[in-house]
Amino acid sequence: MAIPGGNYSHSGSGMRRLYKFHGGVHPPTHKAESTRTPIAQAAIPSKLVIPLHQHVGNRAVPVVKVGERVLKGQIIGRPEGRLSSGVHASTSGTVSAIDMQLVAHHSGLPDLCITIIPDGKDEWVAHGGVDYKQIQHTELRHLLRQAGVVGLGGAVFPSDMKSYSSKHHIKTLVLNGAECEPYITCDDMLMRERPADILRGGEILRELLRAEEVLIGIEDNKPEAIAALQQAVRDGKHERTEVIAVPTLYPGGGAKQLIRVLTGIEVAAGVRSTEKGVQCFNVATAYCVWRAITYGEPLLSRIVTVTGNVEHAQNFEVLLGTPVGELVVQAGSKPDTDRHIMGGPMMGVDLPSGAVGVTKATNCIIEGSPKLFPPPEPALPCIRCTRCADVCPADLQPQELYWFAKAKDFGKTQEYDLFDCIECGACAYVCPSHIPLVQYYRFAKNEIWQREREQQAAEVARERHEYRQFRIEREKQEKAERLAQKERAAAEAKAAAAAAPPVVPPAAPAIHPDVSPDDTQQIRIDAAIERAKAQAAVTQPKNTDALTPQQQAEIAEIEARRAKLRELAANPGADDEPPKSN
Amino acid sequence: MLWSSPFITTPTSVSQIMLRVLYALIPGIALYVWYFGPAILVSITLASITALATEAVMLKLRRRPLRPFLSDNSALITAWLLALSIPALAPWWLVVVGTAFGIAISKHLYGGLGNNVFNPAMIGYAVLIISFPVHMTHWLTPNMLGEHVLTFGEQLDYIFTGVLPAGSTLDAVTMATPLDTLKTQLHLGLSVNDIRDMPIYGHLSGKGSEMVAIGYVIGGLYMLATRVINWVIPVAYLVTLFVIAGIFNLVDPAHYASPLFHLFSGAAILGAFFIYTDPVGGATTPRGRMIYAAGAALLTYLIRVFGGFPDGVAFAALLMNICVPLIDTWTQPKVFGKKGAAK
């Protein structure tokens, strides 16, 4: 049982009861370094490497050609399918390549990118905004989709798909400004500098969701951001909007953790928060929603914290596609840097190269060095001290999951709710045996996904094999029947012959004397074709005719199963959404 | 070398946690020396050397690296706990045999650190009490009671050569434990009150030993404060033991000693803070820990009062160790968002 916390916070409109989630850790925040100076505009880079897949869902389809001149804000990747989002040229220039490049993604695999050589003019495509109050909701969502607005907290889920709920009444819209990961300050700085636009974007989202209230959750280690937003709420006369300081506790900025803290509602893994009447957007997403609707500005840039092993850590407004290497030099990356981490030190990923472009998911680049992030000590055996369980925000038993994952007992890992793990890393952070627990869980999840895929493939193969066996068997039977028939016919003929008087054998077809040999050939060919046709007409009719009802039922059943599999194969969905664990 | 997130960890290590457990034993040991003389230091030293040597040999045989495991301090905890659980004035080989068995058989043959099903120190104790019951009954008489108090030299002489100073007998310098005495005297028909008037008893339980138990409480509080141990097991164990002893005591005070007597007798306090809290063989879920500790308290009481052994702490630990997989499986907590809902 989680116990509602006794924390009260002073906010714009009085006292609000906050709730606790289980566990959590207090890693050193390292946020001060990058908040000393305002957000700076990063330079236009020498080239932009813009991945077409920067969002959850289908990859955008390129709509430009190599060599084509593009303008800033011009769509270069068209959203494809229901769940997808637009991709745009972040500045004006020339498309130099559309090919597979390394991208900033945890898989480390290359993906299709459009490379643009900027011309330095930063020339805008014709664009203009609308008044959201005059526009239908479907049209607003279409605009968001075209503008490439996705969740900027890191999940990059297309915002148009999150901004409606047909089935459930949404009571609360949560704007997530918690920013719990150490080092990252991009949301903090955005909230300090542009609070009014965040609130206006929140109004659009509230309108789309028809939500009753807007709660903005910010960890209490960001007093400047809290004050700025509270002031903006007063200045903008935003009603039913509350800025709430939440306790600083990692991973309190996880959407589900923040919803729990603000509303007391727990949203289980695999459940959408809208089912519980809550929807959550990152504050930066709300900001982009406002810009996209009111000014017609697609998502072309984002705030990125550049910190860690650098001379002057700072936040930059960075054009999407800017190579990370060209960005970090602007903060003075030090020579002993051995890695670029995208995200925070708890959940971030190592970038495969400094050449990858900044994407919509890039909230922070931490320059790493062996001094800053010393290699982990060798792991000792687990002593079941359960410090991991004490800090797990999902109330899991990490020590058991580790045990089963290590033993490759994947069934058990699922029984112990492996797929409720949000990979926040709190367990590995506190483990006194220095076991890379999260890596074990990722391994187990990947193995399970892999096995499910293999099982599906095997199922299809088995169906195919069974059907083939069935067909061969049936053909054998038919052949035997035909043979029997022939024999019967032969026997009857023999009997008839024995009874009837001998007949003169029919004469061979006479060849007309004035027909040339070529024509004879043609006649023979025609005759052969005719025979073949006739034969086909006899044997070809649907090869499932003339079967026993039982056989036909069997075929129907197999067909139904195949159809289901085809359907499954057509909508895999497994790429983005983990399978439910129970 | 690159690795995946998280890229940062706390500086806590297994060896540091184990070291804190050793620190926590020091107040109890100090009081032990104060009331019973320095013989206990000899057995702790013997046990420590044996534990490290056995650990090294077993690691070599199992082809495991020596350094990380010898420095994890876990063998020392086994050694100290075993030494504190058996009579201090005993032949040197007693503690050596017990420690070696605990480390070699119950720790390494089960896979070493983290894999032992049973608490190695308690296995060592069980082996000794079953194999050498007589040696295990000669507990030092506290200094304030003894007519003849052995000097450190005389204690050493006895431990290594089995020779006591002229004019002294083992019975004169040792005694049965207060728990054991209570049991025997009850059999002889005395009431609890009569027995408690005997000179070996103090305010809580045995003179001297009750003070050592208070030393263990201090260490336990230190471990709670530094979060080396979780509060559930000590509290659940002591409360359950208190309640059970209290019920029996209320029903028939002449035959059943008071709950406080049970808490401060034998190894109950040592068990509550140092033995049942051994994470490796213990239950890990919050509810599981309560069941585990309550079960251990019940077994402790039953073995003490109705069983044949002088104390029940060790056997209660081993019996509850057996139940841990079942308890943990049964008491899996509901995960985030699935509370109240059937899984």
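Guide: The axes of helix H3 (residues 186–193) of chain A and helix H7 (residues 283–295) of chain A come within 9 Å and cross at roughly 50°. This is a predicted model, in which local features need pLDDT of at least 70, side-chain atom pairs count only at pLDDT 80 or more, and totals for chains, interfaces and linings use all residues. Residues are numbered from 1 along each chain as its sequence is written, while chains are lettered from A and ligands numbered from 1 in the order in which they are written.

Visitor: Why is H3(A) called oblique to H7(A)?

Guide: Angles under 35 degrees count as roughly parallel, over 145 as roughly antiparallel, 65 to 115 as roughly perpendicular and the rest as oblique. The crossing is at roughly 50°, and that makes H3(A) oblique to H7(A). The axes are lines fitted to C-alpha atoms, for helices over the stretch in contact, and angles run from 0 to 180 degrees between N-to-C directions. The helices themselves are DSSP runs (H or I, at least four residues), as strands are (E, at least two), numbered from the N terminus.

Visitor: Which residues make the contact of H3(A) with H7(A)?

Guide: H3(A) contributes Cys186(A), Asp187(A), Leu190(A) and Met191(A), and H7(A) contributes Val283(A), Ala284(A) and Tyr287(A). Two residues are in contact if their C-beta atoms, placed from the backbone, lie within 7 Å. By class there are six nonpolar, no polar and one charged. Ala, Val, Leu, Ile, Met, Phe, Trp, Tyr, Cys and Pro count as nonpolar, Asp, Glu, Lys and Arg as charged, and the others, Gly among them, as polar.

Visitor: What makes E13 and E14 of chain A edge strands?

Guide: The open sheet has four strands in the order E13-E12-E11-E14 (chain A), with parallel pairing. Strand E13 (241–246) and strand E14 (278–282) each pair on one side only, and these are the edge strands. From one strand to the next the twist averages 25°.

Visitor: How do you know that E11 and E12 of chain A pair?

Guide: Two strands pair if DSSP finds at least two bridges between them. Strand E11 (residues 172–176) of chain A and strand E12 (residues 213–219) of chain A are joined by five bridges and run parallel, so they meet the condition of at least two. One of the partners is Glu213(A) in E12(A), which is bridged to Thr172(A).

Visitor: Which helices lie on this sheet?

Guide: Helix H5 (residues 223–235) of chain A packs on the sheet and touches E12 and E13 of chain A; its direction makes about 170° with that of E13(A). Helix H6 (residues 255–263) of chain A lies across E11, E12, E13 and E14 of chain A, at about 125° to E11(A).

Visitor: How many residues do the two domains of chain B bring into contact?

Guide: The domain assignment gives domain 1 (13–175) and domain 2 (177–328) of chain B; such bounds come from an automatic or database domain assignment. In contact are 32 residues of domain 1 and 30 residues of domain 2. Of the side of domain 1 that touches domain 2, H1(B) gives the largest share, 13 residues. That side has 25 nonpolar, six polar and one charged residues.

Visitor: And how many residues of chain B touch chain A?

Guide: The contact involves 33 residues of chain B and 49 residues of chain A. The chain B side has 15 nonpolar, 13 polar and five charged residues.

Visitor: What confidence does the predictor give chain B?

Guide: Its pLDDT, the predictor's confidence in each residue from 0 to 100, averages 93 in chain B, with 98% of the residues scoring at least 70. The model scores ipTM 0.91 and pTM 0.82.
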